[in-house]
Amino acid sequence: MVILQLVGGLVLLLVGGEALVRGSVAVATRLGVSKLFIGLTLVGFGTSMPELVASLQGAFAGYPGVAVGNIVGSNITNVLLILGTSALIMPMVVNREAFRRDGAVLAFASLVLLAVVLSGSLSRLAGLVLVGLLLAYTICSFWVERRAKTAASAVHEAEADELSEPQLSVGWGAVLFFAGVGGIVFGADMLVSSSVDVAKRIGVSDAVIGLTLVAIGTSLPELVTSIVAAVRGHGDVAFGNVIGSNIFNIFGIGGVTALVVPIPVPAEIAGLDIWVMVGTVGLMAVACITGWRVSRREGLFFLACYGGYLALQLTPGLRAALGLA
């Protein structure tokens with residue numbers, strides 16, 4: 001029953017997330033909102049709703065390890081698993097200008113989260129700062145891409161086109177949106193409760209489950225999007241998807257969660273996992289600037305690193321032997 005509940009929660013998250021995005025994009029399109037704005041906000045933020053609701057559910061349920069672990073673990077998963085898998089399928093060329101801008105923002109966001117985690121808690125003040133930084137980043141991105149009409153802006157507009165449902169009225173779009181919200185809320189509740197049950201049964205902490213099972217589950221929309229983009233030869237979309245998602249995870253999910261439910265940071269995350277997250281950003285930067293492409297060999301290395309990280313997380317004896325338990 002626990003496994004069925006876990007799978008059911010993941011399915012509801014995925015279906016609910018898709019419905020939320022399509023419904024909101026349909027309404028925005030009908031109301032004449034620009035495709036660039038839709039791509040930057042509704043599509044980008046909507047695909048991260050499963051992470052947001054799962055973190056909020058973990059915080060409300062009294063499992064800070066799930067809430068914080070989901071943020072940190074999702075960012076690790078996005079780089080090592082999603083970027084690694086995408087590069088293995090199709091080596092990706094990195095846009096220098098976009099990487100220098102968005103990569104710098106991701107590095108800054110990671111250092112901000114590092115400082116917050118080392119402070120010992122996600123406070124409301126920290127949440128306010130993170131949400132403010134997200135708003136500033138979104139406004140700046142919209143302004144820059146509207147003026148310059150960069151390749152990134154074309155990608156965002158294409159995303160809006162792909163997800164728009166012009167045949168839907170505003171009313172039906174709203175119905176789809178609220179159905180998606182309901183699916184995400186119930187799915188997140190099922191995922192968090194079943195994940196904590198699994199953690200107790202196998203003898204690991206809720207933080208480990210948040211860093212692995214919940215993080216992977218809530219990152220499935222990004223994984224699917226990036227793999228499809230890689231198969232179609234759009235490596236820039238897959239790469240941009242990872243960077244954008246990681247920035248939103250820190251500023252948006254971390255910020256909103258802290259504003260709603262201030263939570264303490266588990267010592268194990270502050271002692272190891274936040275450093276792994278910062279390290280993955282550095283690893284990605286090195287892979288990008290050496291030739292401005294992520295090769296299959298580098299993608300395979302990312303996947304190997306993720307396999308080692310999962311082994312470390314899910315083997316309490318190994319963590320204890322290394323003094324990380």
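Is Ser-295 buried or exposed in this structure? With a relative accessible area of 16%, Ser-295 is buried, because the cut-off for that class is under 20%. The model in which this residue is placed is a predicted one.

## The surroundings of Ser-295

Ser-295 belongs to the loop that runs between strand E4 and helix H13, the latter spanning residues 296-314. When its neighbours within four places in sequence are set aside, Ser-295 is in contact with Ala-87 and Pro-91.

## The chain as a whole

The chain comprises 14 helices and four strands. It has 325 residues, of which 51% count as buried. Consider the contacts in the chain between residues at least 6 apart in sequence: 86% of these join residues at least 24 apart.

Four aromatic pairs are present in the structure. In one of them, the ring centres of Phe-99 and Phe-239 are 6.0 Å apart and the ring planes stand at 45°, so this pair is classed as tilted. Phe-99 is part of helix H5 (residues 96-118), while Phe-239 is part of helix H11 (residues 235-260); the pair therefore ties together parts that are 140 residues apart in sequence. Both partners are placed in the buried class: Phe-99 has a relative accessible area of 10%, and Phe-239 has a relative accessibility of 7%.

Phe-99 also forms an aromatic pair with Trp-292, with 6.0 Å from centre to centre and 75° between the planes, and this pair is edge-to-face. Trp-292 lies in the loop between helix H12 (267-289) and strand E4 (293-294), whereas Phe-99 lies in H5, so the pair ties together parts that are 193 residues apart in sequence. Trp-292 is buried as well, with a relative accessible area of 14%. Together, Phe-99, Phe-239 and Trp-292 form one aromatic cluster.

## The packing of H5 against H12

Two packed helices are described by the angle between their axes and the distance between the axes. For H5 and H12, the angle is about 165° and the axes are 10 Å apart. Since angles over 145 degrees count as roughly antiparallel, H5 is roughly antiparallel to H12. The crossing of the two helices is left-handed.

Phe-99, a member of the aromatic cluster, is also among the residues of H5 that meet H12. Others on the H5 side include Leu-106, Ser-110 and Leu-118, and the H12 side includes Ala-270, Trp-275, Met-284 and Ile-289. By class, this contact has 17 nonpolar residues, one polar residue and no charged residues.

## The packing of H4 against H9

Helix H4 (residues 64-89) packs against helix H9 (residues 206-218) at an angle of about 50°, and their axes are 7 Å apart. The two helices are therefore oblique to each other. H4 passes H9 in a right-handed crossing.

On the side of H4, the residues that make the contact include Pro-64, Gly-65, Val-66, Gly-69 and Thr-77. H9 contributes, among them, Asp-206, Ala-207, Gly-210, Leu-211 and Val-214. The residues of this contact divide into eight nonpolar, eight polar and one charged.

Technical notes:
Residues numbered from 1 in each chain as written. Predicted model: local features only at pLDDT ≥ 70, side-chain atom pairs only at ≥ 80, totals over all residues. Heavy atoms only, no water. Phe/Tyr/Trp six-rings, centres within 6.5 Å; stacked < 30°, edge-to-face > 60°. Buried < 20%, exposed > 50% of the residue type's maximum accessible area, 1.4 Å probe, protein only. Axes fitted to C-alpha atoms, helices over the stretch in contact; angles between N-to-C directions. Parallel < 35°, antiparallel > 145°, perpendicular 65-115°, else oblique. Left-handed = near helix turned anticlockwise from the far one by under 90°. Contact = heavy atoms within 4.5 Å. Nonpolar A, V, L, I, M, F, W, Y, C, P; charged D, E, K, R; others polar.
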